[in-house]
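The sequence and structure come first.

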Amino acid sequence: MAYTDLFLLSFLSRNVKKLIKSSQVNRSKMINYIEYDCDLQQEPFVYIFYKKDWKEEFMVIAKHEENGNDCYQLNASGKTIDIQFSATYRNPVVRFHMDKREAVISSIHNCFLDFFGNSVECLWNACGYKTRIPHLQNLKGCIKFRPDVANIETIENFFSSSPAFKWIDVWTHGSTEPANPESKFYQAESIQILQSKANSPDVLSHFQGKQAVLSFGEFEVLDVISFMNRWKSGEAFLKLEYFKFHSYGGEFSQNDILNAIGVKHIDATKNPPTHCLPKVYIDYFSFCSEPNTDPISSHAYIVRETDNCVASVSIQEKLIYFGVWNKTEDEFLKMVG
């Protein structure tokens with residue numbers, strides 16, 4: 001049975017819910033996350049994403065239609081919600097009136113957690129930055145957008161009022177940097193940016209997440225060097241796993257950068273280990289998007305002074321790769337072939 005049918009059956013009684021949950025333990029373990037995918041009307045389609053890159057349509061949350069009176073009522077976390085089986089959608093629709101939108105979403109979200117387990121990760125894929133993302137348990141925001149300089153205050157308010165972000169994908173040509181270095185913009189687990197200048201937004205200075213891909217036209221090599229040296233000293237970027245710099249303007253000076261950050265080298269006759277991780281953010285609308293980060297196999301590496309952690313460094317004309325290992329230098333060198 002589809003999870004949608006099982007979920008609706010679970011409202012019959014506590015015993016039925018308990019039976020369904022116990023029978024679906026193995027299936028539940030295959031769930032990667034639940035996603036609320038918003039459309040332009042801010043009406044989310046709810047999907048279940050499985051660990052094998054497969055998703056299942058689950059439910060729709062939408063405004064009440066005019067003269068819509070064919071809804072059933074369910075008790076969701078102590079609140080009565082309207083649910084409809086409509087020819088417009090393939091799955092059941094949870095209906096809300098605009099003044100009750102967040103209350104309805106919160107109630108059905110709590111039902112999801114009760115059914116799938118309190119440890120399931122939930123993502124809110126925002127469509128634009130003019131409607132705030134609700135603060136719900138286990139929920140993180142996601143957004144892909146092109147900012148408008150005229151709306152910088154709106155953008156600021158959007159990030160300040162939102163929960164933490166899983167990923168942000170932004171294309172910007174203007175100076176649309178969040179004013180606060182502690183903005184939730186910089187706290188996202190993953191940031192992917194296409195921009196004209198490397199310091200707008202200033203990810204190289206303020207990023208606090210795990211993975212970032214930064215493509216830019218103009219850059220200051222000193223900013224790149226400062227980024228790596230701040231990681232090396234243990235001053236910043238403590239959660240960093242992977243960073244990719246792509247210049248679509250000039251090329252990077254390999255020797256100047258490597259000398260400035262004080263790299264160490266693996267013997268040229270030996271094979272370095274390859275750094276590769278599952279991506280935090282995968283662009284499913286891109287035909288060339290891969291599930292893993294680009295592999296880094298480099299003889300050059302640096303060591304963090306505070307804990308002896310290693311990062312591989314690779315510079316290839318217009319590309320710089322920076323991959324952090326969860327290993328000390330001794331443990332890293334044992335992997336050298």
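Which side chain meets that of Glu57 in a salt bridge? The partner is Arg90, with N to O at 2.1 Å; a salt bridge is a side-chain nitrogen of Lys or Arg within 4 Å of a carboxyl oxygen of Asp or Glu.

## Basis of the model

This is a predicted model, in which local features need pLDDT of at least 70 and side-chain atom pairs count only at pLDDT 80 or more, while totals for chains, interfaces and linings use all residues. Residues are numbered from 1 along each chain as its sequence is written, and side-chain values use heavy atoms, with hydrogens and water left out.

## Overall chain

The protein chain has 9 helices and 16 strands. Helices (H or I, at least four residues) and strands (E, at least two) are DSSP runs, numbered from the N terminus. Along the principal axes, the C-alpha atoms fill a box of roughly 70 × 50 × 35 Å.

Of the 337 residues in the protein chain, 46% are buried. Buried means under 20% relative accessible area, exposed over 50%, and partly exposed in between (1.4 Å probe, protein chains only). The accessible surface of the protein chain is about 17100 Å², and carbon and sulfur atoms hold 49% of that surface; areas come from the Shrake-Rupley method with a 1.4 Å probe, and for residues only the protein chains shown count as cover. Among contacts with a separation of 6 or more, 55% are between residues 24 or more positions apart, a contact being heavy atoms within 4.5 Å.

## Salt bridges

The count of salt bridges comes to 15. Glu57 counts as partly exposed because its relative accessibility is 33%, whereas Arg90 is exposed at 72%.

A second salt bridge joins Arg95 and Glu65, whose closest N and O atoms are 3.5 Å apart. Here Arg95 is in strand S6 and Glu65 in the loop between S3 and strand S4 (72-76), and the pair links distant parts of the chain, 30 residues apart. Arg95 is buried, with a relative accessible area of 4%, and Glu65 is partly exposed at 38%.

## A network of charged residues

Lys166 and Glu189 also form a salt bridge, the closest N and O atoms being 3.2 Å apart. Because Lys166 lies in strand S9 (residues 165-172) and Glu189 in the loop between S9 and strand S10 (190-197), the pair ties together parts that are 23 residues apart in sequence. Both Lys166 and Glu189 are buried. The two belong to a network of salt bridges that links Glu121, Lys140, Lys166, Glu189 and Lys210. Side chains of opposite charge can pair when their charged atoms come close.

## Nonpolar core

The largest nonpolar core has 79 residues. A nonpolar core is a set of buried Ala, Val, Leu, Ile, Met, Phe, Trp, Tyr and Cys residues joined through side-chain atoms within 4.5 Å. Phe116, Ile168, Met228, Phe243, Phe245 and Phe322 have the most contacts inside this core. Helix H4 (residues 101-116) gives the most to this core, with 8 residues.

Leaving out residues up to four places away in sequence, Ile168 touches Ile143, Phe145, Phe159, Phe185, Ala188, Ser190, Ile191 and Gln192. In soluble globular proteins, nonpolar side chains tend to be buried together.

Leu6 is found in helix H1 and is buried at 7% relative accessibility. Beyond four places in sequence, Leu6 touches Met1, Ile20, Gln24, Arg27 and Phe115. The C-alpha atoms of Leu6 and Lys17, 11 residues apart along the chain, are separated by 8.6 Å.

Leu9, also in helix H1 (residues 3-9), is partly exposed at 35%.

## Ser247

Ser247 is found in strand S12 (residues 242-247) and is buried, at 0% relative accessibility. A polar atom of the Ser247 side chain lies 2.6 Å from the backbone oxygen of Gly250. Apart from neighbours within four places in sequence, Ser247 is in contact with Phe216, Phe219, Phe252 and Lys318.

Methods: Polar contact = N/O pair within 3.5 Å; in protein donor to acceptor, adjacent residues only side chain to side chain.
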